[in-house]
Amino acid sequence: MCATGDTEAYIYGPPRLFAHLGILFTWFIRHTHLPGKFLQSILIPLVKNKGGDLSDVDNYRAIMVANAITKVYEFVLLDQVMIAAPGDEYQFGFKAEHSTGICTSVMKHTIHYYTDRCSHTFCAFIDFSKAFDRVNFLKLFHKLLDDGVAVEIVRLLSFWYSHQEVRVRWQSTLSASFGIQNGTRQGGILSLYLFTRYIRDLLQQIVHCRVGCNIGGYMLNVFNWLMLTIL
């Protein structure tokens, strides 16, 4: 999320603007450093259930608001870190051109396939509570290196995530700034891919165990929208 006015400056800016941005972004990678504005964000807590307990911290989810240039840079870095892997075909949530509706449809068809043949199916639902907030930075960056992502890019991401500071906005009041030691940036451009990469190995291990539903030799034993498992 970012201010509309700031966004329009980059949408309608002249070509010369993007030349300067390219030089600036290259320096960030070369020197493994980001200015303070890139490291500062605002968290806005949103109520999940307005009829629930408003004093319960678990009844809120936080959206991180950053400035427009940060969003632009995240799009640039996304092209550098994103790769396709076999485990991604079981990923439905937080994935381009996919939805939880597709995941639900695949699950229903799998169940109908077995029940129509008088066989039983059993489902296990796993709730990844505050999934984005629980991502371990060190493990995530090791996974990116295993994918062959350039060391310079991973080093920059490491600096970014380990030095970020946030403030909480509640109505018109801002809290003091504080650091974050784990979790991806909820609402960030990179966050969707980074989270799917973080759990990819888990999906692959479940698939390769060869336990679960098998249709035409194809294993259908885990679907992630966040996680739905069919056994």
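This is a predicted model: local features need pLDDT of at least 70, side-chain atom pairs count only at pLDDT 80 or more; totals for chains, interfaces and linings use all residues.

User: How many residues does H8 have, and where is its kink centred?

Analyst: The expected span of a helix is 1.5 Å times one less than its number of residues. H8 (residues 189-208) has 20 residues and reaches 30 Å from its first C-alpha to its last, close to the 28 Å expected. A bend at a residue is the angle between axes fitted to the seven residues ending there and the seven starting there. In H8 a kink of about 40° is centred on Ile 199.

User: At what angle do H2 and H4 pack?

Analyst: Axes are lines fitted to C-alpha atoms, for helices over the stretch in contact, and angles run from 0 to 180 degrees between N-to-C directions. Under 35 degrees counts as roughly parallel, over 145 as roughly antiparallel, 65 to 115 as roughly perpendicular and the rest as oblique. H2 (residues 15-31) and H4 (residues 68-81) pack at about 70°, with axes 12 Å apart. H2 and H4 are therefore roughly perpendicular.

User: Which residues of H2 and H4 meet?

Analyst: Contact means heavy atoms within 4.5 Å. Leu 21, Leu 24, Phe 25, Phe 28 and Ile 29 of H2 meet Ile 69, Val 72, Tyr 73, Val 76 and Leu 77 of H4. These residues divide into 10 nonpolar, no polar and no charged. Here Ala, Val, Leu, Ile, Met, Phe, Trp, Tyr, Cys and Pro count as nonpolar, Asp, Glu, Lys and Arg as charged, and the others, Gly among them, as polar.

User: How do the axes of H4 and H8 cross?

Analyst: The axes of H4 and H8 come within 8 Å and cross at roughly 30°. That makes H4 roughly parallel to H8. Lys 71, Glu 74, Phe 75, Leu 77, Leu 78 and Val 81 of H4 make the contact with Ile 189, Leu 190 and Tyr 193 of H8.

Key: Residues are numbered from 1 along each chain as its sequence is written. Side-chain values use heavy atoms; hydrogens and water are left out. Helices (H or I, at least four residues) and strands (E, at least two) are DSSP runs, numbered from the N terminus.
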